[in-house]
Amino acid sequence: MITDTHAHVFYDKFDVDREAMLARARESGVTRMVVVGTDATSSRQAFELAAKHPGLYPTAGIHPHDCAEKLATDRATIEELARDPRCVAIGETGLDFFRSLSPHDVQVESLRFHLELAHRVRKPVIIHCRDAHPRMAEVLAERRDVTGVMHCWSMGPDELAPYLDLGYYISFSGVVTYPKNDANRAAARAVPSDRIVVETDAPYLAPKSHRGERNEPAFLTETLAVVARERGVSNDELARLTSANATRLFSLA
Ligand SMILES: [Zn+2]
């Protein structure tokens, strides 16, 4: 069993072949996926899709790209979905100072809202972080009783320490397969065995052999194989380990 800890399989990019795409995932061994909401509408879609398919687990959150516009309008829905027993995590939330599609102070406010909500409902958070590294650790440290996952870790090993110290899991994506990304592969070797998980971030960030194409959960086997090779374990062993970690992180059934 392989667990994709971050996939947006409700996006309309999958409307043409969603059932076939989910079947390909199962055939590849990807039998569980965390279906991550990015605003109120998409979080509802995640719940609706998960209700129809065993092995899909929905989350509720507002992406930092959208929070300037949606923090006010979508907050109540996110709070309602967060309390639903089917909801396995709060997010994705985070800070993106690379694209900066929302003002930085609004992103920080939104991140704090999600952390507070995670604390109240006692669920993990899913964190998106781009070019926001010292600031991110400071804000997460404000709520030490909340933990979660640093999704799509794209940095090297040097930035890991504050997140590992706060109890966060580290998730590796197709980025780890890209030829130039030695630093990211070094991070994949450095994360402790009880904190590592893998994801596609589908439809984004397809691994090397599909780079530039739409990504889908079946492609997770390629990312898993690279991480396994880097850590000197078999693919099966890493699949078991990362699935066990995902079970603990998200309290999956
Ligand atoms: Zn995402």
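**Backbone and packing notes**

Modeller: Let's start with a loop. P203 sits in the loop between β8 (196-198) and α8. Keep in mind that this is a predicted model.

Biologist: Which residue is joined to P203 by a cis peptide bond?

Modeller: A202. Omega for that bond is about 15°.

Biologist: And what about the bond joining G91 and E92?

Modeller: That peptide bond is cis, with omega at about 25°. E92 belongs to strand β4 (residues 89-96).

Biologist: OK, phi then. What is the phi of R122?

Modeller: Positive, about 55°, although R122 is not a glycine. R122 is in the loop between α4 and β5 (125-130).

Biologist: Is R122 buried or exposed?

Modeller: R122 counts as exposed, because its relative accessibility is 77%.

Biologist: What about the phi of D131?

Modeller: D131 also isn't a glycine, and its phi is positive at about 50°. Look for D131 in the loop between β5 and α5 (133-141).

Biologist: While we're there, where is P134?

Modeller: In helix α5. P134 has a relative accessible area of 62%, so it is exposed.

Biologist: How far is P134 from E213?

Modeller: Their C-alpha atoms are separated by 32 Å. Along the chain, P134 and E213 are 79 residues apart.

Biologist: Switching to helix packing. How do α2 and α3 pack?

Modeller: Helix α2 (residues 40-52) packs on helix α3 (residues 67-83) at an angle of about 25°, and the axes are 9 Å apart. So α2 is roughly parallel to α3.

Biologist: What hand does the crossing of α2 and α3 have?

Modeller: α2 passes α3 in a left-handed crossing.

Biologist: Which residues meet there?

Modeller: From α2, A40, S43, R44 and F47. They meet D74, T77, I78, E80 and L81 in α3. By class, the contact of α2 with α3 has four nonpolar, two polar and three charged residues.

Biologist: And how do the axes of α3 and α4 cross?

Modeller: At roughly 5°, and they come within 11 Å. That makes α3 roughly parallel to α4.

Biologist: Which residues make that contact?

Modeller: On the α3 side, C67, A68, L71, R75, I78, E79, A82 and R83. On the α4 side, V106, Q107, E109, S110, F113, L117, R120 and V121. The residues of the contact of α3 with α4 divide into nine nonpolar, two polar and five charged.

Biologist: Zoom in on E79. What does E79 touch, leaving out residues up to four places away in sequence?

Modeller: E79 touches F113, L117 and R120 on that count. E79 is partly exposed, because its relative accessible area is 22%.

Biologist: How far is E79 from G61?

Modeller: The C-alpha atoms are separated by 8.8 Å. Along the chain, E79 and G61 are 18 residues apart.

Biologist: Next pair. At what angle do α8 and α9 cross?

Modeller: The axes of helix α8 (residues 220-231) and helix α9 (residues 235-250) cross at roughly 105° and come within 9 Å. α8 and α9 are therefore roughly perpendicular to each other.

Biologist: Which residues are in that contact?

Modeller: L224, A225, V227, A228 and R231 of α8, with N235, L238, A239 and T242 of α9. The residues of the contact of α8 with α9 divide into six nonpolar, two polar and one charged.

Biologist: Last topic, the core. How many residues does the largest nonpolar core have?

Modeller: The largest nonpolar core has 68 residues. Those with the most contacts inside it are L140, M150, Y168 and F172. Helix α4 (residues 104-121) gives the largest share of this core, eight residues.

Biologist: What does L140 touch?

Modeller: L140 touches L111, L115, I127, M150, Y163, L166 and Y168, not counting residues up to four places away in sequence.

Conventions: Residues are numbered from 1 along each chain as its sequence is written. This is a predicted model: local features need pLDDT of at least 70, side-chain atom pairs count only at pLDDT 80 or more; totals for chains, interfaces and linings use all residues. Side-chain values use heavy atoms; hydrogens and water are left out. Axes are lines fitted to C-alpha atoms, for helices over the stretch in contact, and angles run from 0 to 180 degrees between N-to-C directions. Helices (H or I, at least four residues) and strands (E, at least two) are DSSP runs, numbered from the N terminus. Angles under 35 degrees count as roughly parallel, over 145 as roughly antiparallel, 65 to 115 as roughly perpendicular and the rest as oblique. A crossing is left-handed if the near helix is turned anticlockwise from the far one by less than a right angle, and right-handed if clockwise. Contact means heavy atoms within 4.5 Å. Ala, Val, Leu, Ile, Met, Phe, Trp, Tyr, Cys and Pro count as nonpolar, Asp, Glu, Lys and Arg as charged, and the others, Gly among them, as polar. A nonpolar core is a set of buried Ala, Val, Leu, Ile, Met, Phe, Trp, Tyr and Cys residues joined through side-chain atoms within 4.5 Å. Buried means under 20% relative accessible area, exposed over 50%, partly exposed in between (1.4 Å probe, protein chains only).
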